[in-house]
Amino acid sequence: MKKSVVIVGAGLGGLSAAIHCRLNGHDVVLLEQGRVGGKAGRIAEGGYTLDPGPSIIILTEIYKKVFRDAGRNPDDYLQFERLNPITRVMFRGESIDIPDGYEAAQRLIDQVAPEDSKEFAIMWAKLSKIAPLVEKTVFAHPYDKPWQLADPSLIKFALPFDVRKTYKELVDGMFKSSLLRAFFYGFPSYGGQSYRSKAPGALLIPYFMLQDGVWYPKGGVAAIPEAFARLATELGVEIRTGTQVVGFESADGRVRSAVLASGEKVSGEAFVCNRDRVQTQTWLGRTLPSKPSYSYFTVHMGVRREFPELKHHTLFVPDEFESGFEQLYEERVFPSSPIVYLNNSSDTDSAVAPPGCSNLFAVVTSPANEDHLDWPALTDSCVQRTLQVMSKAGVSIEPSEIEMQRVQTPVYFEQEHGNFRGSLYGADEKHRLFGMFPWSNRDPEFRNLLYVGGSVQPGAGLPMVTLSGKFAAQMV
Ligand SMILES: Cc1cc2nc3c(=O)[nH]c(=O)nc-3n(C[C@H](O)[C@H](O)[C@H](O)COP(=O)(O)OP(=O)(O)OC[C@H]3O[C@@H](n4cnc5c(N)ncnc54)[C@H](O)[C@@H]3O)c2cc1C
């Protein structure tokens with residue numbers, strides 16, 4: 001039955017929900033407080049173009065399918081370039097390039113960490129078996145009913161790895177070399193979880209990186225939401241940017257309208273909220289959970305020179321990486337010597353920086369805006385710690401070389417994007433549904449209120465929020 005659907009937020013999740021709702025025949029209005037793209041927008045300053053957040057692009061088939069489902073040729077909207085190496089790792093004075101593809105990666109491990117060769121091959125064989133099950137399970141529909149846990153594909157998916165173990169225990173049990181441990185420890189944080197959580201599924205992230213490739217969308221990551229917005233508009237979605245929603249009006253167990261900052265009310269039969277689900281609880285008069293999930297700290301820089309020592313993606317692993325993880329996950333503080341991910345898309349795309357210059361951005365996993373952290377007072381020292389890790393590895397940036405700089409802390413994510421305490425993925429892992437899944441896409445009280453995006457199923461990251469848009473549209 002055709003319905004009028006109101007979507008709050010034009011991040012990639014909201015855009016995906018809008019497209020899928022239109023494909024299902026509904027009328028859609030999309031209300032966005034800023035510009036389309038959310039965290040996957042674009043920073044353009046002084047001749048430099050930077051991705052504000054996401055930059056590791058995997059599982060491109062998920063985006064392409066959205067265009068195919070709409071009867072379009074994806075190549076008319078988006079072009080992706082496959083990166084090789086997928087990343088460079090700076091570790092103990094060496095530059096190690098992780099090549100594209102399993103066979104090449106296995107050959108590299110045979111050379112640099114022969115003690116882990118066999119275990120890497122065993123892990124790969126297990127992941128190759130369970131990866132296709134993802135399509136039938138967590139990528140196919142949300143899990144929010146206890147009986148769904150008996151799904152045979154889900155059980156098969158969980159079996160190859162001991163789900164009683166924490167992710168760190170799994171990695172330590174497989175790999176002896178510090179190199180592989182350092183590389184693998186970080187993946188649960190892609191979904192806002194610590195390596196102390198039971199998250200064997202996080203192993204699929206490096207699997208997909210090697211198997212399906214790491215890609216660069218022509219024009220930068222913002223090209224993905226821009227292409228979604230173009231398709232949505234072509235399909236007849238009304239996108240209203242610069243339109244802030246301040247709450248919902250409800251009656252008789254249903255949301256009736258979205259209330260705008262201007263006082264206007266936009267009514268509809270169904271509502272899809274791309275605002276952080278946890279934070280939206282305040283609109284519904286509910287209490288918030290005690291702890292947020294993790295966040296990121298970023299330093300964006302336009303630098304007046306080139307860096308041949310960097311690849312498009314470079315990971316700086318300091319010698320003290322283990323104590324850094326302990327500080328992050330046990331003490332919930334910004335590590336004194338963090339692992340730093342650095343993006344240099346000017347290595348691939350000459351249009352994103354002036355000639356002879358580089359657009360760099362560093363990302364460090366950090367605690368969110370928690371009570372014991374005074375982010376405005378901490379910011380300068382966190383920037384210094386980030387640059388120091390790079391400098392120790394031989395990549396020094398003089399202040400005089402920096403033409404533009406922008407720092408995003410969890411306070412920024414709280415204020416600009418409305419994330420719960422500046423966390424990127426909703427509540428702490430202890431609040432996960434059945435101890436495993438992100439929160440449901442469905443509101444427990446208002447039957448016509450659905451959620452989309454990184455704080456709900458299937459989880460965070462651009463491919464996942466694209467799928468969550470499909471889930472929400474199905475539920476409408
Ligand atoms: C530093 C960083 C690095 C990352 N790296 C990667 C990566 O490499 N690969 C990857 O896949 N993912 C990565 N991610 C995660 C990815 O960016 C997110 O999971 C994804 O962009 C979230 O999309 P979303 O649609 O859920 O939310 P958002 O992008 O946050 O969109 C929500 C939208 O809702 C709007 N909104 C909020 N409140 C209101 C309101 N009251 N009224 C109207 N509009 C409102 C916001 O303005 C925003 O546009 C990264 C994130 C960050 C921050």
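Modeller: The domain bounds used here come from an automatic or database domain assignment. The model itself is predicted. With those bounds, the lining of the second largest pocket takes at least three residues from domain 1 (4–46 + 54–78 + 219–290 + 431–475) and at least three from domain 2 (101–212).

The space in this pocket comes to about 370 Å³. It is lined by 18 residues, and those closest to the centre of the pocket are Ile-62, Lys-65, Glu-135, Phe-139 and Leu-467. Sorted by class, the lining holds 8 nonpolar, 6 charged and 4 polar residues.

Two elements, α2 (60–69) and α14, each give two or more residues to this lining. The largest share belongs to α2, with 6 residues.

Helix α14 (residues 462–475) also packs against another helix, α1 (residues 12–23). Their axes are 7 Å apart and meet at an angle of about 40 degrees, and the crossing of α1 past α14 is right-handed. On the α1 side, the contact is made by Leu-12, Gly-13, Ser-16, Ala-17, His-20 and Cys-21. On the α14 side, the partners are Leu-462, Val-465, Thr-466, Gly-469, Lys-470 and Ala-473. The residues of this contact comprise 6 nonpolar, 5 polar and 1 charged.

Technical notes: Residues numbered from 1 in each chain as written. Predicted model: local features only at pLDDT ≥ 70, side-chain atom pairs only at ≥ 80, totals over all residues. Heavy atoms only, no water. Axes fitted to C-alpha atoms, helices over the stretch in contact; angles between N-to-C directions. Helix = DSSP H or I, 4+ residues; strand = E, 2+ residues; numbered from the N terminus. Left-handed = near helix turned anticlockwise from the far one by under 90°. Contact = heavy atoms within 4.5 Å. Nonpolar A, V, L, I, M, F, W, Y, C, P; charged D, E, K, R; others polar. 1 Å grid on protein atoms, 1.4 Å probe; cavity = no way out; pocket = protein on both sides within 12 Å on 5 of 7 lines; lining within 4 Å. Points joined across faces, edges and corners; volume = space filled by probe spheres on them.
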